[in-house]
Amino acid sequence: MTSRKPDEPLARNSRLRLVRPRSLATARRAATTRRTRPAPRPPEGTPPRAELARQARLVLADAVRIARWAATPRGPQAGPRAVAAGASASALLDGPTAAERAAAELDLTPARVRAGWDRARLAGLVELHGATVRPGWRLQAWDRDDSAVLRGWVALLDAWSLVHPAPEGVAPGAVAEVVEAVPQVLSLLQLSQGPVLVPVLLDLLGQRVDELREERCEVPGDGAPGRTAPPAPAERLPALLDWALEGLAEVGALTLDPAAGPEGRHANLTPLGNWAVWVKLEQICVAAQSPAGNIEQSAADMLRGCARLTPGPARDEYRAWLAARPLAGAVAELLAAARGEDALLRGLAFEALRVVGAPAEAEVRAAVAEASLRPYALLWLAEYDGTDPDDAPEVLTREEATWLWVDTAAAVADHGESELLVRHLDSAVQGTVPALLDEVRAVGHPRTVQVLVALAAAHPDPALAKAVRRAAFQVHTGGD
């Protein structure tokens, strides 16, 4: 048996090791690196996107109402609502009486308020910045942007196991196995194009769990094969399947027939769930449209229009847009877009400021004092001072680099393909996934939970996905 030093990374063949570390400069480019290919057509019978968005708005109606209530100032000097200092991430607004106050103002029960608040956070409708609740970019675009609505609902679907509490008395490792196996169950429902008996789903779940146990061959520090958690007893699988189906039904992905006939209950994907599973199988995401007439657009709309362009054409668009307006106002408008909730626009805004060059220096130096802009501004200034772009990330502290990694991951999760999110993992400066997760949890980025849930849903490695999902749950609940 071999030993390793306490600060030595995990075994080289462990799936929790980041084996292809790359420069952080890769992270800055990840959100805007796109593959060009024709978009596959959804299956026949899939409702139009407007109808799918309407259904998603119904599922998240309470969450939207509560998010708007929480983020709306009250009184002549009121700002966005505050949360109790030191409260866990799942705490509601500004204290124990807030649920009752919100329930009275919104004509909802306190239980519905708490459930809606939880969904609002997981769907990216609100963000917690220190002790302040702010509206997320999806909330701001909710009424006019079907893409934002569908992405918010997919984020909620990815977090279904956080919405619906797991059965008591079941080991966390057993719960994680079922969560890992659920995509196979959803795939069967999607391919069946109709109701499937729950006993059939139970057989599939059992087979998939067995496969996961056979595939899982973790290598602990002592080099001896072993499991990270005890398996779930076979007799607990029916209860865990019921939990999973009920959780998926709660977020609007499927319907579960409550009537037990001669052959038992059956489950069926909703149109929204069927579309979401197809999207995941095809690995496509809703993205910003190609640019059209960007010279007359606002900075935010211009940046969205340029999101799908390669760097050369994008720089041409930035130059044309800058040439059409006073430079000082254009720089201010770009920085205002960077201060928004959309992480993709933050990165693109600083790409446009690179085209501006010297006239933007003073404003960018001032932006160093703003936490959300600091890593981007430091990289801009390093490159402006002549540092090679691949070496520029060295000016960032470990904490700043980790914050930037999470922010870029949020941009990829919101606007990129799931494969890009998996590839983004390789750009982390940490050598192992446990080290990355520890530092991501400590850095306090407002999108941490959503990023980790999306990464866990996208990553093909079950051991790594389980570790990331566990970290998301801990951040969400405020636990260790």
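**Salt bridges in a predicted model**

Me: In this predicted model, Arg 68 forms a salt bridge with Asp 143; how far apart are the closest N and O atoms?
Reply: The pair counts as a salt bridge because a side-chain nitrogen of Arg has to lie within 4 Å of a carboxyl oxygen of Asp. For Arg 68 and Asp 143, the closest N and O atoms are separated by 3.0 Å.

Me: How many residues apart in sequence are the parts that Arg 68 and Asp 143 tie together?
Reply: Arg 68 belongs to helix 3 (residues 61–71), while Asp 143 sits in the loop between helix 6 (137–140) and helix 7 (146–158). The pair therefore ties together parts whose separation in sequence is 75 residues.

Me: Is Asp 143 buried or exposed?
Reply: The class follows from relative accessible area, with exposed meaning over 50%. Asp 143 has a value of 61%, so this residue is exposed.

Me: Which helix holds both Arg 319 and Asp 316?
Reply: The side chains of these two residues, Arg 319 and Asp 316, meet in a salt bridge at 3.3 Å, N to O. They are three residues apart, about one turn of the helix, and that helix, spanning residues 311–323, is helix 14.

Me: Are Arg 346 and Asp 407 buried or exposed?
Reply: A salt bridge of 2.9 Å, N to O, joins the side chains of Arg 346 and Asp 407. The pair links distant parts of the chain, with Arg 346 in helix 16 (residues 343–356) and Asp 407 in helix 19 (residues 398–415), 61 residues apart. As for accessibility, both Arg 346 and Asp 407 are buried.

How values were computed
Residues numbered from 1 in each chain as written. Predicted model: local features only at pLDDT ≥ 70, side-chain atom pairs only at ≥ 80, totals over all residues. Heavy atoms only, no water. Helix = DSSP H or I, 4+ residues; strand = E, 2+ residues; numbered from the N terminus. Buried < 20%, exposed > 50% of the residue type's maximum accessible area, 1.4 Å probe, protein only.
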